[in-house]
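Please take some time with the sequence and the structure that follow before you read on.

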Amino acid sequence: MSSAAQPEDDFKAKLDTGLWWKLFQRALHLKRFLIPLATAALLLAICDAAFAHVTRWTIDAVIAGGSGTNLMPYISGYIALTLVFCVCVWVFIDCAGAISNHLSHDIRSASFDRLQALEFGFYDTRPVGWLITRLTSDCDRLARVIAWGFLDIVWGLAYLTMIAVSLLIMNWRLGLIVISVVPPLALISKFFQRRILLSAREIRKYNSQITASFNESIQGIRTTRTLVREAENLREFQGLSTQMFIAAVTNAKQSAIYYPIVMTIGSLGAGLALWRGGLLTSAGEMSVGTLVAFINFAGQFFFPINQLANKLTEMQGAQAAGERVMGLLATEPAIQDSPAVRQRVEAFAERQRQTPGNGSPAPADFAPDGGPARVSEIEFRHVAFRYSTGPQVLHDFSLKVRAGETIALVGPSGGGKSTLVSLVCRFYEPTEGQVLIDGIEYRERPLGWLQSQLGIVLQTPHLFKGTVRENIRYGRLNATDAEIEEAARRVNAHEFITALDQGYESPVGEAGNRLSTGQRQLVSFARALLANPQIFVMDEATSSIDTETEQLIQRGLETIFAGRISFVIAHRLSTIRGATRILVISKGRIEEAGTHEELLKRRGHYYDLYTSQFRAERESSVLASGT
């Protein structure tokens with residue numbers, strides 16, 4: 001897949017402190033770890049600064065008192081500082097690790113929750129690998145940067161302050177000389193900031209594209225082999241890998257130049273301190289211990305600066321991940337309940353809590369908004385629709401369907417059949433016109449309630465890794481084993497299931513690959529029936545199965561369709577002869593409508609489709625019987 005096909009976000013050209021504050025706010029509920037971590041960082045800074053002062057006092061005491069100097073107070077001080085230092089190191093490793101793990105879990109969970117809430121249109125332009133990167137490496141990287149970055153920033157700023165104060169107290173003139181190298185250091189950091197940030201974003205971009213390429217290649221391995229595209233796929237992948245390599249090398253070179261410059265400036269400050277301090281010591285204006293402490297502080301003064309610069313660089317590199325994750329979390333679903341609907345849902349729930357057992361109708365008779373739970377009629381009223389990119393798919397479409405009716409949709413590919421059922425399910429919403437449920441615009445009813453009334457069986461049903469029983473139970477998680485087996489019997493799936501090695505406890509494999517296509521379809525029908533939906537959708541569910549399995553499914557369809565509003569998309573027209581109405585959809589409009597017999601009598605488009613398919617099936621049957 002070419003990089004042009006991969007969507008990427010627009011990024012700001014500088015470090016976004018607002019973004020990092022929003023990310024840090026997600027860690028504020030972990031105060032039981034943040035407070036000990038900050039305390040440990042401050043104590044570490046105090047210990048680091050205190051070591052230099054104890055050394056200073058020890059040297060001056062030895063010079064003044066000679067070999068008879070009592071060193072026990074200084075030795076005791078070193079031991080005490082070392083013990084505190086060790087405890088603080090243990091605390092910050094434990095707390096920073098806990099914050100990183102908790103935060104990674106929280107961000108990943110919030111991102112997954114948001115992905116489940118987003119409309120189907122969001123996924124139309126974003127590859128799976130692009131999204132997986134956000135849920136995995138992006139979340140982990142952000143959690144590590146925030147946890148360990150908080151430690152380094154608190155410790156670095158505290159230690160930097162203590163060193164600066166110590167230098168100015170010991171000799172403010174010499175201290176100012178050392179501190180004078182900070183402005184050029186700040187200018188150099190600003191110079192490299194944008195360049196390192198942009199190259200790091202390039203790395204993250206190509207990493208997302210490589211993940212998406214991996215995912216697509218693995219899913220399409222059969223197609224790749226049959227079309228002998230291995231070499232071409234490798235060439236495209238190597239192109240992405242080369243681009244990421246170039247970006248990574250560029251980023252590494254920028255860091256390799258940046259850090260030595262910082263170290264050189266730091267050494268310059270220490271050299272100035274040694275030169276000027278040596279003159280003062282020779283003149284008797286500064287003690288040897290103070291000079292040693294000054295040189296120590298001057299050298300150490302740039303260590304926290306290096307750490308802060310390193311953390312700044314790391315944040316620059318991780319900002320791309322932060323913008324992606326926060327961008328995902330900030331993405332509002334285009335299809336969601338309106339404030340008015342949410343208000344009605346909350347009001348009805350409150351009424352139910354306040355008036356339990358008062359003889360009023362059972363909550364099962366009502367939807368969460370207090371409206372009727374029963375779906376008796378669905379109406380399309382002058383509906384038009386187009387996807388975010390592409391031409392108009394539906395034009396001034398009107399249709400009324402009542403409970404117990406089965407509407408079959410046939411016609412050429414791209415005519416709007418799948419779009420129509422996607423609008424019924426509210427996976428998309430009309431760009432013009434209305435869809436009404438019992439006379440109420442369906443955007444005025446709860447989205448979750450509507451979609452909980454759906455039973456959908458697709459051409460390629462998706463089964464989850466687990467047993468047959470677990471996959472059927474997915475339709476209604478509180479269903480009993482007896483209800484699961486009854487649903488399987490009603491769609492004629494029980495016989496093949498009991499013939500499996502472990503019956504209902506047989507594992508289906510990854511995506512159901514241990515079952516045949518027909519068996520997966522039967523399991524998906526049982527799953528849909530167990531959910532007891534009011535609206536049933538069958539999208540090309542019999543197009544890729546054998547005739548025997550199709551006959552089993554057709555015998556179970558009467559059970560599934562009974563009393564429900566059903567939409568069936570089928571190219572195999574034998575599936576829909578018993579439909580209440582058959583609609584021939586072409587170019588987003590109803591070209592013909594009627595029962596099977598009525599449409600055959602008209603000798604129109606449906607007649608041509610049916611007779612040509614019937615003729616082809618007869619020819620295949622004759623050829624098969626002759627072999």
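Which strands does helix α17 lie across? In this predicted model, helix α17, made of residues 517-530, lies across β6 and β7, and its direction runs at about 175° to that of β6.

Those two strands belong to an open sheet of six strands, whose order is β6-β7-β8-β3-β9-β10 and whose pairing is mixed. The edges are formed by β6 (454-458) and β10 (589-594), each of which pairs on one side only. If direction is ignored, neighbouring strands of this sheet are turned by 15° against each other on average. Strands of a sheet pair through backbone hydrogen bonds, and the pairing can be either parallel or antiparallel. A parallel case can be followed from strand β7 (residues 535-539) to strand β8 (residues 565-569), which are joined over five bridges; within this pair, V537 has F567 in β8 as its bridge partner.

Towards strand β4 (residues 432-437), β1 makes an antiparallel pairing over five bridges, where A384 has E432 in β4 as its bridge partner. Finally, β4 and β5 are paired in the antiparallel sense over two bridges, with L436 standing opposite E441 in β5. These two strands form a hairpin with two residues between the strands, and in that hairpin D438 takes a positive phi near 50°.

Helix α2, which covers residues 31-65 and so has 35 residues, reaches 49 Å from its first C-alpha to its last, close to the 51 Å expected at 1.5 Å a residue. The helix is followed by G66, whose phi is positive, near 75°.

What makes up the nonpolar surface patch of about 530 Å²? The patch is made by V62, L71, M72, I75, I79 and L83, and its largest share, four residues, comes from helix α3 (residues 72-117). M72 is a residue that lies in helix α3. An α-helix has 3.6 residues a turn, so residues three or four places apart point the same way.

Side chains of opposite charge can pair when their charged atoms come close. Counting salt bridges as a side-chain nitrogen of Lys or Arg within 4 Å of a carboxyl oxygen of Asp or Glu, the total comes to 15. One of them joins R108 with D140, the closest N and O atoms being 2.5 Å apart. This pair links distant parts of the chain, because R108 sits in helix α3 and D140 in helix α5 (residues 128-170), 32 residues apart.

Note on methods
Residues numbered from 1 in each chain as written. Predicted model: local features only at pLDDT ≥ 70, side-chain atom pairs only at ≥ 80, totals over all residues. Heavy atoms only, no water. Pairing = 2+ DSSP bridges. Axes fitted to C-alpha atoms, helices over the stretch in contact; angles between N-to-C directions. Contact = heavy atoms within 4.5 Å. Patch = residues over 30% accessible without salt bridge, like charges linked within 9 Å, V, L, I, M, F, W, Y side chains within 5 Å. Areas by Shrake-Rupley, 256 points an atom, 1.4 Å probe, with all protein chains shown as cover.
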